[in-house]
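User: Can you walk me through this one? I'd like to start with the surface.

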Amino acid sequence: MAWKQLEPTASHLTYIVLSSFLIVYALFSLFIRNRLHLSEPPLATLFGIIFGPRGVGVLRPEFWGLNDIFMQEFTRIILGIQVFAVGIELPARYLAGHWKNVAMMLGPVMAFGWIVCAGLIYGILQIDFATSLVIAACLTPTDPVLAASVLSNSQFSTRVPRRIRHLLSAESGCNDGVSFPFIYIGLFVMTEKTVSGILEKWFLITILWQCVFGTIIGLAIGVSANAVLRFVHAQRMIGRASYLVFYILLAVFCIGVASTLGTDDFLIAFAAGIGFAHDGWFRSKISETRLPMIIDLLLNSTMFVYFGASIPWHLFSKSTPDFSLSAGVLLGLLACILLLRRIPVVLLLSPFISDIRTYREALFAGHFGPIGVAALFLAIVARAHLETGAAEPLPHPPGHGETHPLPPVSKTAVEAIWPVVCFIVLGSVMVHGLSTLAISVGSHFARKEGERAPLIGAETGRFDGLVSDESEDELDEEEP
């Protein structure tokens, strides 16, 4: 009769399945990262797909009531903590010495990628241009979660010059927030009736309130938190473990402040991280804790398992009077976006970006602009604006039986944005997540036979074809 004591509920099985994946990854993390050159996101996504509704069926987020409102808040927290971590991990006063390079990546590079993505979506999917602008804005920012999984804590990352790693990290920390002006242009075009109304809302609400005011608030929170923490440390009122708690809670606090004020969540979190670590003191205190690795393993991996289990496969063949999707069309769009979104403009502008010194480095920086969690969050933000005119979207996108009484142009955007963004995110997770493996294998076979390590991925030198032929000291020097 012991079998009657068994309680294999969905949540109980999830605890077993999810923790099993994280335990196995933790046990073999060095081998996976440094020999196989694989990162968490593609593995976690594949795990979510295998154990999701289309696979074994253990992980069923929709069946458990984890709808798009949950997805919105989950991605908000994950991104907020990650961009806050980026702000802390950057060298002290990094933006003061490298602001021109970061500005090039946030300005011309982002704008080019936005327009190119919009043009590709408009041309390939035959969707109206306003909707194309909104979807493209979701795909424009470099995802900080995917970037962190490759640019830190691995043998691969040590072979990329620090100046390139810092540039891409700073870009990924900033551009989730900077993408808000891009996404709201398309949204205001759909919802506002006059050009003056569009410009007024875009400048006053998006630029001044969300971005400028949000950045100021974030810096103020970060600097103030730094002063408070240093004071209690000097008075010996805080224990070592509390530093880590303070780190996480401050990031969550920033997200709460931003959401309450209606400002830019990620600019506040990133600016707070910059302000909090402006003097390098806190970074030195947690240098041995490996907290970013813990965040990657627990939060980010869980996020991608959840995404893998939530992929809307049935929407990838969606057909409406306004547009038609199919796997072939979406694959063509993915290939074009990955090739044209960043690589051409970074190659063109690399002479003006001092941190990028060679053609090969420009090619790497152009390729490495992953699309991930940030795109999912922005897609839900766009849907919320069109569906409810408020911060929260409807629980599900069209196709779940709900009625969506929306104007035709808004209805097209609401129906198209989620499947397109999810497919591109899935493709980017796999392509960018496996890029390190491809570069490692290419580097291995590019060496002369006598110079190869016995095991692919065991080399300790630079990647041939990735960085320039400068010495390691020159590549890794820390510019003022």
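Analyst: A definition to begin with: a patch takes residues with over 30% relative accessible area and no salt bridge, and nonpolar side chains are joined within 5 Å. Keep in mind that this is a predicted model.

User: OK. Which residues form the nonpolar patch on the surface?

Analyst: Ile23, Val24, Leu27, Phe28, Phe31 and Leu36. Together they have about 580 Å² of accessible area.

User: Which helix gives the most to the patch?

Analyst: Helix H1, residues 10–27. Three patch residues come from H1.

User: And where is valine 24 found?

Analyst: In helix H1.

User: Is valine 24 exposed or partly exposed?

Analyst: Partly exposed, because its relative accessibility is 45% and exposed needs over 50%.

User: Switching topic. How many residues does H11 have?

Analyst: Helix H11 has 22 residues, 240–261. From first C-alpha to last, H11 reaches 32 Å, close to the 32 Å expected at 1.5 Å a residue.

User: Which H11 residues are buried?

Analyst: Tyr243, Tyr247, Leu250, Ala251, Cys254, Ile255, Val257 and Ala258.

User: What comes just after H11?

Analyst: Glycine 262, with a positive phi of about 75°.

User: Last one. Where is alanine 111 found?

Analyst: In helix H5, residues 94–125. Alanine 111 has a relative accessible area of 28%, so it is partly exposed.

User: How far is its C-alpha from that of serine 179?

Analyst: The C-alpha atoms of alanine 111 and serine 179 are separated by 9.4 Å. Along the chain, the two residues are 68 residues apart.

Note on methods. Residues are numbered from 1 along each chain as its sequence is written. This is a predicted model: local features need pLDDT of at least 70, side-chain atom pairs count only at pLDDT 80 or more; totals for chains, interfaces and linings use all residues. Side-chain values use heavy atoms; hydrogens and water are left out. Helices (H or I, at least four residues) and strands (E, at least two) are DSSP runs, numbered from the N terminus. The expected span of a helix is 1.5 Å times one less than its number of residues. Buried means under 20% relative accessible area, exposed over 50%, partly exposed in between (1.4 Å probe, protein chains only). Patches are made of residues with over 30% relative accessible area and no salt bridge: like charges are joined within 9 Å, nonpolar side chains (Val, Leu, Ile, Met, Phe, Trp, Tyr) within 5 Å. Accessible areas come from the Shrake-Rupley method with a 1.4 Å probe; for residues, only the protein chains shown count as cover. A salt bridge is a side-chain nitrogen of Lys or Arg within 4 Å of a carboxyl oxygen of Asp or Glu.
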